[in-house]
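Student: Please take a close look at one helix packing and the core around it. Keep it brisk.

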Amino acid sequence: MEPNQAAEHLQTIRTLMERSAVYRRALAPVMTFCGVIGIAGGVAGNWLPMNSARAFVLYWAVVAAVALTGTFLLVRRQSLKDAEPFWSPPTRRVTQALIPPLVVGAFLGVMVVWLELPREICAMLAALWFLLYGLAIHAAGFFMPRGLKLFGWWFLISGGLIFQVILARGIGDESVLNWLMGGLFGGSHLAYGIYLYFTEKRRKAT
Amino acid sequence: MNPEPFLQLDRVIHEKGRLAIMSLLAASPALSFTELRDTLGMTDGNLTTHLRILQEEGFVALSKSYANKRPLTTCSLTAAGKKAFTGYIDLLEQIVRQNKPR
């Protein structure tokens with residue numbers, strides 16, 4: 001065996017080992033579902049009476065719980081269809097990467113409710129949620145297809161810009177927050193889901 | 001060039017299909033038969049043959065169970081498989097190093 005052949009062999013082995021660790025479930029249905037739920041949440045949020053930070057946090061916690069439950073069911077359905085274990089090593093890695101920033105986001109929400117902070121805090125909380133969600137997605141992106149990291153960056157940049165605007169100018173009309181949440185969370189997921197429908201490689205049915 | 005490292009390469013692992021299987025299993029505690037098949041684009045028969053050879057060598061362990069009333073075959077590397085794979089990588093690296101300009 002020539003040294004350059006050995007080097008090629010090593011490169012192939014490295015690529016295969018990386019592929020083995022990557023999460024391979026189809027993301028298009030999950031992203032689309034989260035997008036629809038997010039947009040519906042944004043629209044419905046404007047119709048519901050939300051006069052306090054507590055109501056805002058609890059409302060979006062419910063929306064997040066619906067999105068998480070749907071995601072869980074969609075992923076579980078895929079694993080059943082493919083006759084593969086649900087709690088596979090890549091699923092475990094992705095979950096472990098997602099959890100810390102999401103827990104911090106939930107903790108901030110609990111603190112806002114617990115301390116009965118004024119409604120004005122919601123804008124800052126929403127911006128922090130965007131940033132933390134971006135961090136979670138970016139961390140999970142190390143074990144998922146490459147586009148996920150860019151998706152994480154999208155939330156980090158958007159969250160950073162919103163934070164900047166809030167610090168510099170405040171937020172005039174607080175009802176805009178539900179639109180912002182629905183538009184950025186829901187709209188981004190829906191757009192990415194549609195993109196994935198056209199680009200994600202269809203896995204063979206088992 | 002010293003041919004010694006090349007002569008020591010494990011013939012069972014050196015085959016392209018089996019090396020691919022070993023590489024995937026080395027990066028994951030266990031993979032299902034379908035995950036291996038889909039990732040490598042192998043046919044059922046081809047993958048079964050390679051797995052049987054690796055199992056006979058003691059490099060791979062197969063466990064059969066049921067998940068939601070459907071048979072589930074899970075594959076993983078044995079301790080001997082991990083050792084053989086690590087040894088194989090070391091030899092490849094040795095071959096690459098041999099020809100590096102000093």
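Tutor: **A helix pair and its core**

Cys122(A), Ala123(A), Ala126(A) and Phe130(A) of H5(A) meet Leu177(A), Leu180(A), Met181(A) and Leu184(A) of H7(A). Contact means C-beta atoms, placed from the backbone, within 7 Å. Helices are DSSP runs of H or I, at least four residues, and strands are runs of E, at least two, numbered from the N terminus. The residues of this contact divide into eight nonpolar, no polar and no charged. Nonpolar here covers Ala, Val, Leu, Ile, Met, Phe, Trp, Tyr, Cys and Pro; charged covers Asp, Glu, Lys and Arg; the others, Gly among them, are polar.

This is a predicted model: local features need pLDDT of at least 70, side-chain atom pairs count only at pLDDT 80 or more, and totals for chains, interfaces and linings use all residues. Residues are numbered from 1 along each chain as its sequence is written, with chains lettered from A and ligands numbered from 1 in the order written.

The axes of H5(A) (residues 121-140) and H7(A) (residues 176-199) come within 10 Å and cross at roughly 10 degrees. Axes are lines fitted to C-alpha atoms over the stretch in contact, with angles from 0 to 180 degrees between N-to-C directions. H5(A) and H7(A) are therefore roughly parallel (angles under 35 degrees).

The largest nonpolar core has 43 residues. Such a core joins buried Ala, Val, Leu, Ile, Met, Phe, Trp, Tyr and Cys residues through C-beta atoms within 7 Å; buried means 20 or more other C-beta atoms within 10 Å. H5(A) gives the most to this core, 15 residues. Among those with the most contacts inside the core are Cys122(A), Phe130(A) and Ala136(A). Ala136(A) touches Leu98(A), Pro101(A) and Leu102(A), leaving aside residues up to four places away in sequence.

Key:
Parallel < 35°, antiparallel > 145°, perpendicular 65-115°, else oblique. Contact = placed C-beta atoms within 7 Å. Buried ≥ 20, exposed ≤ 12 C-beta atoms within 10 Å, placed from the backbone.
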